[in-house]
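Me: Could you take a close look at one part of this model for me, the strand pairing and what packs around it? Cut-offs included, please.

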Amino acid sequence: MSDPYETTEAHLGRLLGRALNSFDLPDGLVERLGGALAHSSSLYTTHRSPATGVWRETHRHTYLLADGGAVSLWELVYRLEGDRTVRHEVFTGKAETCLAVVRLFGEAPAEAALDPELLRGDEEPDADVAALGELFAASTPATRQREYAVEDSADHARRVLRRAENPDRPGEPVAALLRSAYGHRITQAFGGRPSPAERCREAGFSLYEHAFVLLDGTEVSLWEVEHTATPDGRHMCEVYDSEAAARGAMELRARVR
């Protein structure tokens with residue numbers, strides 16, 4: 001936990017002192033950071049695998065410099081399978097952090113594909129970013145692990161459940177469970193049996209998985225169906241606690257449409 005009364009100098013010293021690779025930071029950058037006036041830290045992403053004990057977190061540390069500029073350092077905190085030691089590494093950018101995840105865990109984090117700052121099309125990518133894109137493209141859905149954004153996840157879960165109009169939507173037990181969510185990720189789901197899926201596309205169906213990570217490391221998903229298969233053609237949202245239930249509802253509505 002961060003000490004709210006810790007000075008910026010002490011915070012920087014503690015960060016660099018625990019990082020295994022702090023010697024890799026450019027000397028000029030460390031010198032500039034030495035005169036920082038203020039700082040803020042936030043948890044950026046988290047990934048946990050209760051089955052193997054592997055977990056990692058990405059923290060962003062931003063420093064206000066004396067010249068009015070700002071610099072961010074990205075800290076990767078992790079524990080490897082079969083090892084209880086917590087390790088820290090620090091980097092100057094998200095691309096470097098993602099490459100470290102590839103090096104340590106053999107996978108490209110999902111944010112590498114979704115974050116426009118990492119793989120922007122309006123500028124010439126550097127070698128690290130290009131390599132990261134190739135590594136991500138080569139990975140398969142079966143080998144990718146979820147990377148959760150740490151945001152107002154409990155409130156996001158509340159809003160998803162609130163907009164559900166189906167009477168068999170998840171009830172209070174699921175809502176209570178999701179009040180402890182602190183990270184989430186939204187992905188659009190594809191696939192299914194060809195014939196019903198084709199009917200669903202024609203009816204304007206979309207299926208989204210809202211995956212949440214709870215304080216105890218448990219992962220819980222809500223499956224949201226958006227469609228216009230209503231008598232008046234209006235947009236409607238339904239939410240289910242399993243992919244099978246969501247796809248079943250899609251196929252049923254597509255048949256009766």
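Reply: Strand E1 (residues 38-49) and strand E2 (residues 54-64) run antiparallel, joined by 11 bridges. Strands here are DSSP runs of E with at least two residues, helices are runs of H or I with at least four, and both are numbered from the N terminus; two strands pair if DSSP finds at least two bridges between them. Keep in mind that this is a predicted model: local features need pLDDT of at least 70, side-chain atom pairs count only at pLDDT 80 or more, and totals for chains, interfaces and linings use all residues. Residues are numbered from 1 along each chain as its sequence is written, and side-chain values use heavy atoms, with hydrogens and water left out.

Arg60 stands opposite Trp74 in E3. That hairpin has 5 residues between the strands, and there Gly68 takes a positive phi near 90°.

E2 is mostly covered, with 8 of its 11 residues buried (buried is under 20% relative accessible area, exposed over 50%, partly exposed in between, using a 1.4 Å probe and protein chains only). Glu57 lies in E2 and counts as buried because its relative accessibility is 12%. The side chain of Glu57 makes a polar contact with the side chain of His59 at 3.1 Å. That term means a pair of N or O atoms within 3.5 Å; within protein, one must be able to donate a hydrogen and the other to accept it, and residues adjacent in sequence count only if both atoms are side-chain atoms. Leaving aside residues up to four places away in sequence, Glu57 touches Leu43, Thr45, Thr46, Arg48, Glu75, Leu76 and Val77, where contact means heavy atoms within 4.5 Å.

Now back to Trp74. Searching the whole structure turns up 1 aromatic pair. The rings of Tyr44 and Trp74 have centres 5.0 Å apart and planes at 80°, so the pair is edge-to-face (rings of Phe, Tyr and Trp, the last by its six-membered ring, pair if their centres lie within 6.5 Å; planes under 30 degrees apart are stacked, over 60 edge-to-face, the rest tilted). Since Tyr44 lies in E1 and Trp74 in E3, the pair ties together parts 30 residues apart in sequence. Trp74 is buried at 5% relative accessibility, while Tyr44, at 26%, counts as partly exposed.
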